Each structure stands twice: as C-alpha cells, then as structure tokens.
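Biologist: I would like to learn how to read surface patches and aromatic rings. Can we work through a case together?

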Amino acid sequence: MRLRLPLCLALAFLSCVALGADGPQSAGDATRQAVLAADAQYWRTFNACDLQAMAPLLTEDVEFYHDKTGLTVTRQGVLDSLRKGPCADPSMHLRREAVPGSVTFHPLAGGFALLTGRHRFVVEKDGQAPYVDGQAEFAAIWQWTGGQWRMRRIVSYDHAPVAYVPPASHEVLTREQAKRCIGRYRTTPSGNLTVTAEGDHLRLVAGPLSVTLRPLSADRFAAQERDLQFEFEGGTRADGRAARVAVYEHGARVATGTRED
C-alpha cells in the first residue's frame, strides 16, 4: 500500500507535464503564425512601396543594420531611406523574396521573437525581363507592443550575387552555325566583339569579357557565365554569314554589333 501514493503522485506529475507541454506548444504555434503573418505583411508593403501601410509594422525606435549601407535608425529614418532609395525610381521595381525553406522562427522571452533566413531581391525595369540582383542573410527581432507585432531590430548582411544558372538547351553546335556566326562585330558601347569556334561551343570576347556561348536555337546563343544572350541576325551576304549580332542582358536588348570582316 505504501507504493501506491508515490505511484499516484508520479502519474499526476506526468499528466501535468503532458498538459504543460501541450499548452506552451499551442501558444508557441500561435505566436509563430502571428509573427510570420506580420512579417509577410511587412514585405508586401516593401514590395509595393506602400510606406504608409509599412509604418505601423515598425517600432518608433527601430534600427536597421545593413552590411553595405550601415545603420539607419527610427521609423521615419527607415521610411525615408526607402522613399529615396528603391522606391524613388518609377521605372524600376525592387521585389524581395524569401528563399524557400530558409526562414526560421525563434521565440524570445518578454514579448519578442526572432526571424532569420535568406532573401533575394528581384529587379524589374521597364522593357527588361525581371532578374535576381543579389541575395543576403537576414535577422529580424519582432516585439509585441501596442497590440500588435512590430519589427524593432533588422539586420541584413552577407550581400552577394546569386550564382547564375544558364538556360538548359539540347541544341548541338553545327559547323554551319559556327561558320555563320564567327567573326568580328563592332558595337558603339562595347567596341569590338570577336566570336570564334572552340569545339562544341563558341567563344565571344569583348575587351576583358570572355564568355562561352552555347546554342539555344539556330541563331540564339546563351553565355554560360552570366545572364547574356546573343542573336545572330541577317544572312544576305553571299557567304551566308550573319550580318549583325544583337546583345541581350537580363532579357533586354542592350546593343547591336555590325560585322566588320
């Protein structure tokens, strides 16, 4: 009989632990969802340059640390930096995207929470296809204050270019293609472009630039090292060689070269 009391106490203790674990877990889940929702709303306002809607999502004493531009303080300071920076040019739109699977949530005592992860920035310019301009790590401390979650401290660091992935192609360079494209072309902004054949690909050299070109179609080639494409145009010459080459960067035509040889 003496064993029953400790057994009952043990069972009661285990029951309390189980209930206690369920309670904070549910509260933690609710907090996590609330902070993530506030974070999503903040970045929606950022992408839309809706600074009026952004303001309530920042504390008055917010601090924003950036590894390239340094420290920006206060809510008004952050809003002004955006108004004069990425939101100043109506022909250019900067869109922030979190890298899928990178965002983590960390609850902090006293009504705070920490979000960390990696984000990318997509540039959209008039007349150009959108392109990823770079990526960085971030950490943001959120605070429950004034009846809602607000960002109090923001750190964006380790900014770097995103590794370029050339478009996939099953095209194989033919002898006729190579003969049509190789040669020397003159462009106004870049000077001479020289195209030569190297086995199963072309080599384009323009000053310090040297890129490998692989065919996407009969006339279109993609650089393997960066987001450049070249389309060889015309064919009225008696030898069948292209008369011009159009240069595309991030999907926008930026130059045209005229054959010189």
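Biologist: Which residues make the nonpolar surface patch?
Modeller: This is a predicted model. In it, Tyr65, Leu71, Val73, Val155 and Tyr157 make a nonpolar patch of about 410 Å². Strand 2 (70–73) and strand 7 (148–160) each give two or more residues to the patch.

Biologist: Take Leu71, in strand 2. Why is Leu71 called partly exposed?
Modeller: Buried means under 20% relative accessible area, and exposed means over 50%. Leu71 has 48%, so Leu71 falls in between and is partly exposed.

Biologist: Now the rings. What describes a pair of aromatic rings?
Modeller: Two things: the distance of the centres and the angle of the planes. Here the count comes to 5 aromatic pairs. One of them is Tyr42 with Trp43. Their centres are 4.9 Å apart, with 85° between the planes, an edge-to-face pair. Tyr42 and Trp43 are both buried. Together with Phe46, Tyr42 and Trp43 form one aromatic cluster.

Biologist: Why is the pair of Phe221 and Phe232 edge-to-face?
Modeller: Planes over 60 degrees apart count as edge-to-face. The planes of Phe221 and Phe232 are at 90°, so the pair qualifies. Their ring centres are 5.5 Å apart. Phe221 is in strand 12 and Phe232 is in strand 13, 11 residues apart. Both residues, Phe221 and Phe232, are buried.

Biologist: Where does the charged end of Arg220 sit?
Modeller: The charged end of Arg220 sits over the ring of Tyr248, 4.0 Å from the ring centre. The charged end of Arg96 sits over the ring of Phe138, 5.0 Å from its centre.

Notes:
Residues are numbered from 1 along each chain as its sequence is written. This is a predicted model: local features need pLDDT of at least 70, side-chain atom pairs count only at pLDDT 80 or more; totals for chains, interfaces and linings use all residues. Side-chain values use heavy atoms; hydrogens and water are left out. Patches are made of residues with over 30% relative accessible area and no salt bridge: like charges are joined within 9 Å, nonpolar side chains (Val, Leu, Ile, Met, Phe, Trp, Tyr) within 5 Å. Accessible areas come from the Shrake-Rupley method with a 1.4 Å probe; for residues, only the protein chains shown count as cover. A salt bridge is a side-chain nitrogen of Lys or Arg within 4 Å of a carboxyl oxygen of Asp or Glu. Helices (H or I, at least four residues) and strands (E, at least two) are DSSP runs, numbered from the N terminus. Buried means under 20% relative accessible area, exposed over 50%, partly exposed in between (1.4 Å probe, protein chains only). Rings of Phe, Tyr and Trp (its six-membered ring) pair if their centres lie within 6.5 Å; planes under 30 degrees apart count as stacked, over 60 as edge-to-face and the rest as tilted. A charge sits over a ring if NZ of Lys or CZ of Arg is within 6 Å of the ring centre and within 35 degrees of the ring normal.
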